[in-house]
Amino acid sequence: MTDSSMKTKSPMAMDMPGADMPMNPLGVSMERSGSGTTWIPDAASLPSHMFTAGKWDLMLHEFIFAQYDHQGGPRGADQIGSLNWAMLMASHDLGGGRLRLSTMLSLDAATVSKRGYPQLLQNGETFLGQPLVDRQHPHDFFMEVAAMYDRAIGKNLALELYVAPSGEPALGPVAFMHRLSSMDNPMAPIGHHWQDVTHESFGVATIGVFSNRWKLEGSVFNGREPDENRWNFDIHPLDSYSARFTFLPDSQWSMSAGFGFVKSPESADPGHSMHRTVLAVQQARPLGMDGQIAHTFMWTAMAHSDQLRISQSALAELEAVLNAKNTVFGRAEFVQKTVDDLVLPIGPVAFTAERMFDIGALSLGYIREIASGRGVTLGAGAIGTVNVVPSSLQPFYGSRTPVGAMLFVRLRAARGGKMNGMNGMAGMVM
């Protein structure tokens, strides 16, 4: 395949935000890339800087939040901290195909501590050997270090190879911080560990085939979640597997279905493994002259090796960039969590180990851009959350509707923040 054919936009993606982006085989824009090997809709874009360095096409995508987090009730807490991540993709033509190198880094472990940030009804991973509950864990420094190679093997078919010491297997949809429907929302979904937690797996190998409308992938990966040392690579066998099919019927939609076996994800409970099924639908489109609107609908089911019942989660998510100054976003969730998930007492006067609780959360947020320039924008915002728990959990949370809120300022790339050459980086605020 020639260089000129790789730079030709596919008919499905014509006149979209990434119309002048570098092309992978079959005319798939690099801007379609989400986390790992996921695809997001072509009709809208993640805010990023695009530039060149020699023969390399580069894309930088970064978010920095500085926030005050208040979570109410007996299990709540307050914290001042910062959530942050930066992702750099570099790609160029190689051997008749397209090579992409990517890395994503975060300083969460230093800026919200190894204990993470307060969030009611959240769970997953550990701190000082104990399960984290009502807190979202920090991301590791090496969120992704990966290489991907795509090459056409026919007129309408291409091969994908992805290897990552730290990366994402083909299982769930794009991770929440890369989703068009939640990119400006600093809070993780309370169903994160049901939906997209494998976006940070230390050891992944994926092979796939794709056209410009669909992709079929299979992965082997390390199923163990990151340990409490957030600054290194956690090396374990590639003992888990997954498969995912993604379909883009047109430029506004991305639909995916994934299934996987995750072996011993929690270090505190190594005998616990699971099968996970994830169905997700994403829709995005431009809104007015300089905005966009995006939705995600997701359903997941997990069958646990040490539980009789299947636990489920559902999510509906929206972000509307109304114009250059105003953004609104929201999320509605339902998750089934166990006594172990919520670290509740077990015994004759408490709960049985098999007990499962239907919980939910409804959040709404707003951001006002207060300054912009040099390819970045600074916004101030707030998000409020009303959680819903059954009456049996009211004594632990102080209410059936415990609430939380976060005030924040956010720095990120402006949408369409394109630069020409490395000199364009010199004046960029970081």
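User: Looking at the second largest cavity, which strands each supply at least two residues of its lining?

Analyst: This is a predicted model, so here's what the computed lining gives. Among the residues around the second largest cavity are M59, H61, M87 and M89. The strands that each supply at least two lining residues are β4 (56-71) and β5 (78-94).

User: How is the lining of the second largest cavity split by class, and how much space lies in that cavity?

Analyst: The lining also takes in E31, S33 and H178, among others. By class, it has four nonpolar, six polar and one charged residues. As for the space in the second largest cavity, the value is about 100 Å³.

User: How many cavities of 30 Å³ or more turn up in the whole structure, and what volume has the largest?

Analyst: Searching the whole structure for cavities of 30 Å³ or more gives nine. The largest cavity comes out at about 120 Å³.

User: Which residues are closest to the centre of the largest cavity, and which elements give two or more residues to its lining?

Analyst: The largest cavity is lined by 17 residues, and those closest to its centre are Q119, M187, A188, S363 and T385. By class, the lining has eight nonpolar, seven polar and two charged residues. The elements giving two or more residues are β7 (117-127), β18 (326-338), β19 (356-373) and β20 (376-388).

User: Now the largest pocket: what is its volume, and which residues lie nearest its centre?

Analyst: The volume of the largest pocket is about 400 Å³. Its lining has seven nonpolar, eight polar and eight charged residues. Of the 23 lining residues, the ones nearest the centre are N123, E266, H272, D340 and D341.

User: Which element gives the most to the lining of the largest pocket?

Analyst: The elements with two or more residues in this lining are β7, β8 (130-136), α3 (192-195), β15 (274-287) and β16 (291-304). With four residues, the one that gives the most is β7.

User: Switching to S181: is it buried or exposed?

Analyst: S181 sits in the loop between β10 (157-166) and α3. Its relative accessible area is 2%, and the cut-off for buried is under 20%, so S181 counts as buried.

Note on methods: Residues are numbered from 1 along each chain as its sequence is written. This is a predicted model: local features need pLDDT of at least 70, side-chain atom pairs count only at pLDDT 80 or more; totals for chains, interfaces and linings use all residues. Side-chain values use heavy atoms; hydrogens and water are left out. On a 1 Å grid over the protein atoms alone, a cavity is a set of points where a 1.4 Å probe fits but cannot get out, and a pocket is an open set with protein on both sides within 12 Å along at least five of seven lines; lining residues have an atom within 4 Å of a point. Grid points are joined across faces, edges and corners, and a volume is the space filled by probe spheres set on the points. Ala, Val, Leu, Ile, Met, Phe, Trp, Tyr, Cys and Pro count as nonpolar, Asp, Glu, Lys and Arg as charged, and the others, Gly among them, as polar. Buried means under 20% relative accessible area, exposed over 50%, partly exposed in between (1.4 Å probe, protein chains only).
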